[in-house]
Amino acid sequence: MSQLLLPSEILSMSAQAARLLLDSGDGDAALLYLALLERGGDAAQAAPRLGWPEARLAPAWDRLAGLGLAPPRSGAPAPAPLPPQDQRPPEYSRADVLAAQEREPQFRGLCRELEGMLGRVFTDSDLRSLYTIYDHLSLPPEVIVLLAGWVVRRERRQKNDAARFPRMSAVQKEAFRWKRLGVDTLERAEDYLRRQEGVDRREWEILQAVGVTDRRPAVEREREFIAAWVDMGLSGELIRLAYERTVYQKKTMNWPYMNKILQSWHQAGYQTPAQVEAGDRPPRRPKAPPAQPRDFQPSQERIQKNNDWLDEFLAQQQKEGGRHGL
């Protein structure tokens with residue numbers, strides 16, 4: 001089994017692509033999409049990889065093109081665009097919600113559970129918000145309970161009030177966010193909350209590293225950056241260095257600019273400030289080779305000239321000595 005999980009053999013598919021393929025229910029389209037992933041998106045290699053006849057390949061390719069997951073086949077007419085989906089939730093009436101409570105014990109139990117978690121009896125507006133999460137977003141009840149608990153903890157942490165309860169509208173807003181993120185199963189919800197707990201543990205440390213000492217917690221946009229840095233496993237020292245460089249360049253704290261610095265360091269594999277400093281230094285110039293010692297030994301020509309000069313000097317001295325009677 002371990003041979004099936006080698007990093008070099010892993011293909012990456014977005015959650016959106018997976019949902020589109022699952023919703024389409026077209027197994028051939030899903031297989032063709034996997035073939036495209038395996039071949040790096042090369043259509044010329046993906047089709048022969050499957051070995052299908054044209055009668056089977058064409059409908060699968062047209063389905064992928066219609067989903068926006070592949071370009072139209074060469075020579076094939078462009079697929080008709082998918083009808084736009086209305087992203088607005090339905091306007092549930094009070095009768096709709098009451099009928100759901102009557103016929104669905106699961107929803108009825110969920111209402112009681114969340115009333116206890118939010119500390120009040122639900123109004124019609126609260127019930128419509130909850131039914132929107134349950135029916136329109138199709139989040140499982142156990143996920144909704146985890147979601148509501150997370151919103152309660154976040155509200156109390158942000159307001160520093162252990163007795164505070166959020167409004168149901170805040171729970172609905174977070175539910176739409178979870179749906180967009182693909183946090184729509186119990187396993188994904190538990191994994192997401194584990195990550196959030198990791199962010200909670202390091203939030204104050206990171207805020208201090210970036211010069212925020214007068215308030216806690218981080219606002220939502222700041223928390224998104226902090227969560228990304230926690231996911232990258234960045235140390236507080238590395239974050240502090242990125243903050244100092246951000247302020248040096250921008251003269252103030254700039255979260256997006258600092259995030260780009262940290263992303264580049266993470267991609268380069270830097271884990272400590274020392275590694276960053278070493279990586280930032282310009283390469284050392286090669287040392288010049290040591291100068292060769294000068295050869296002070298006179299050449300043969302020089303020796304001969306000196307000897308000739310000495311002979312002439314001595315001869316001149318003898319001549320002048322004889323002239324003066326020496």
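Tutor: The buried residues of α13 pack against α10 (186–209), α11 (220–231), α12 (236–250) and α14 (273–280); buried means under 20% relative accessible area, exposed over 50% and partly exposed in between, with a 1.4 Å probe and protein chains only. Helices here are DSSP runs of H or I with at least four residues, numbered from the N terminus. The model is predicted, so local features need pLDDT of at least 70 and side-chain atom pairs count only at pLDDT 80 or more, while totals for chains, interfaces and linings use all residues. Residues are numbered from 1 along each chain as its sequence is written, and side-chain values use heavy atoms, with hydrogens and water left out.

The buried residues of α13 are W255, M258, N259, I261, L262 and W265. Seen down the helix axis, they fall within an arc of 160°, so they line one face of α13; the arc is that of the directions from the axis to the C-beta atoms. On the other side of α13, K260 and Q267 are exposed.

N259 lies within α13, which covers residues 255–268. N259 has a relative accessible area of 10% and is therefore buried. Leaving aside residues up to four places away in sequence, N259 touches F225 and W229, contact meaning heavy atoms within 4.5 Å.

At the N-terminal end, N254 caps α13: a side-chain oxygen lies 2.9 Å from the backbone nitrogen of Y257; such a polar contact is a pair of N or O atoms within 3.5 Å, where within protein one must be able to donate a hydrogen and the other to accept it, and residues adjacent in sequence count only if both atoms are side-chain atoms. Just after α13, G269 takes a positive phi of about 85°.

Key: Helix = DSSP H or I, 4+ residues; strand = E, 2+ residues; numbered from the N terminus.
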